[in-house]
Amino acid sequence: MGLTYEQAAGRIMVALDYPEAAGAEKLLRELEGVPCYMKVGMQLYYSAGPAFVTALKERGYSVFLDLKMHDIPNTVKGGANSITKLGVDVFNVHAAGGRAMMEAALEGVDAALTAGAKRPSVIAVTQLTSTSQAVLNDEIGIAGPVDKAVLRYARLALEAGLNGVVASPQEVVAIKAACGSAFQTITPGIRPAGADIGDQSRIMTPAQAIAAGTDYMVIGRPITAAPSPREALESIIKELMEV
Ligand SMILES: O=c1ccn([C@@H]2O[C@H](COP(=O)(O)O)[C@@H](O)[C@H]2O)c(=O)[nH]1
């Protein structure tokens with residue numbers, strides 16, 4: 001059976017990639033009432049700060065804080081502790097920081113829980129969806145196919161105790177087979193048919209991503225840069241309901 005409207009909307013994380021809170025607020029007004037996640041990334045966070053994130057939570061939004069921490073374990077532990085106290089539902093670190101760094105993030109979360117915070121999902125970024133095969137091999141210097149590198153990061157994140165990974169929807173089937181169906185996949189690199197690909201590389205349409213089994217799809221410009229963001233979002237929800 002297909003997804004209901006609420007289920008389909010709940011699988012979408014809208015990327016609030018704006019330079020200031022005002023732009024994000026305008027989008028929030030346009031999308032009012034649609035039960036999707038809101039994703040705050042570094043552009044908006046560095047401008048609007050933690051107050052914007054806590055305000056989103058107070059207004060009832062589900063929030064993914066996409067700051068992609070990558071630092072020594074002690075620093076990531078502290079960062080994870082501070083983020084958990086903001087009350088976000090999901091945040092992320094880079095799997096490339098290694099197992100000890102990811103475990104430290106979980107220690108930071110645990111320490112915040114004793115202070116009364118609720119447990120967020122902690123997710124590891126594998127290979128950015130803008131990374132092509134050629135860039136991975138020739139610039140970054142990692143040999144072999146992209147999906148092999150993604151799977152190595154996903155297994156490491158699972159071993160470290162994380163809840164899932166950020167990857168391309170193209171890798172979801174392999175990740176679920178290797179790490180189990182409960183291991184969450186959050187997939188940017190979503191482009192409705194005919195949409196501008198921009199700087200993304202490993203892409204799928206919303207329907208292809210949901211058919212592949214992605215748990216949550218991150219979508220920015222196909223919604224935010226559309227003449228009517230509301231219509232663009234509703235059209236993607238409809239596409240998901242028809243799979
Ligand atoms: O591998 C990754 C990790 C994060 N992102 C983020 O997702 C959105 C995608 O926006 P679009 O406009 O739909 O391309 C953006 O906030 C990225 O920072 C990603 O694209 N790939």
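Which residues are closest to the ligand, and how many surround it?

1. **Before you start.** This is a predicted model, in which local features need pLDDT of at least 70, side-chain atom pairs count only at pLDDT 80 or more, and totals for chains, interfaces and linings use all residues. Numbering runs from 1 along each chain as its sequence is written.

2. **The ligand shell.** The ligand is surrounded by 15 residues, and the closest are A15, L128, P188, G220 and R221. A residue is near a molecule or strand here if its C-beta atom, placed from the backbone, lies within 6 Å of it. By type, the shell holds eight nonpolar, five polar and two charged residues. In that count Ala, Val, Leu, Ile, Met, Phe, Trp, Tyr, Cys and Pro are nonpolar, Asp, Glu, Lys and Arg are charged, and the others, Gly among them, are polar.

3. **The overall build.** You will find eleven helices and eight strands in the chain. Helices (H or I, at least four residues) and strands (E, at least two) are DSSP runs, numbered from the N terminus. The radius of gyration is 17 Å, which agrees with the value near 18 Å that a compact globule of 243 residues would have; the radius is taken over C-alpha atoms, and the globule rule is 2.2 Å times the number of residues to the power 0.38. Along the principal axes, the C-alpha atoms fill a box of roughly 45 × 40 × 35 Å.

4. Of the 243 residues in the chain, 43% are buried. Buried means that 20 or more other C-beta atoms lie within 10 Å of a residue's own, exposed means 12 or fewer, and partly exposed is in between, with C-beta atoms placed from the backbone. Among contacts with a separation of 6 or more, 69% join residues 24 or more positions apart. Two residues are in contact if their C-beta atoms, placed from the backbone, lie within 7 Å.

5. **P188, one of the closest residues to the ligand**. Look for P188 in the loop between β7 (184-187) and α9 (206-212). P188 counts as buried because 25 other C-beta atoms lie within 10 Å. Leaving aside neighbours within four places in sequence, P188 is in contact with T129, V166 and V218. A48 is 140 residues from P188 in sequence and 23 Å away in space, C-alpha to C-alpha.

6. **K68, an annotated position.** UniProt lists K68 under "active site" in an unreviewed entry; its positions are given in the numbering used here, feature names are shortened, and annotations may be inferred rather than shown by experiment. K68 lies in strand β3 (residues 63-69) and is partly exposed, since it has 18 other C-beta atoms within 10 Å. Not counting residues up to four places away in sequence, K68 touches N92, V93, H94 and V125. The phi of K68 is positive, near 45 degrees, in a residue other than glycine. Most residues other than glycine have a negative phi.

7. **Helix α8.** Which residues of α8 (residues 172-179) are buried? They are V172, I175 and C179. These residues are on the same side of α8 because they cover an arc of only 65 degrees around the axis, the arc being that of the directions from the helix axis to the C-beta atoms. Their cover includes α7 (146-160), β6 (164-166), β7 and α9. After α8 comes G180, with a positive phi near 100 degrees.

8. The end C-alpha atoms of residues 11-236 lie 11 Å apart, and the span is 46% helix and 16% strand.

9. R230 is in helix α11 (residues 229-241) and counts as partly exposed, with 16 C-beta neighbours inside 10 Å. Not counting residues up to four places away in sequence, R230 touches E30 and L31. E25 sits in helix α2 (residues 21-30) and is partly exposed, with 15 other C-beta atoms within 10 Å.
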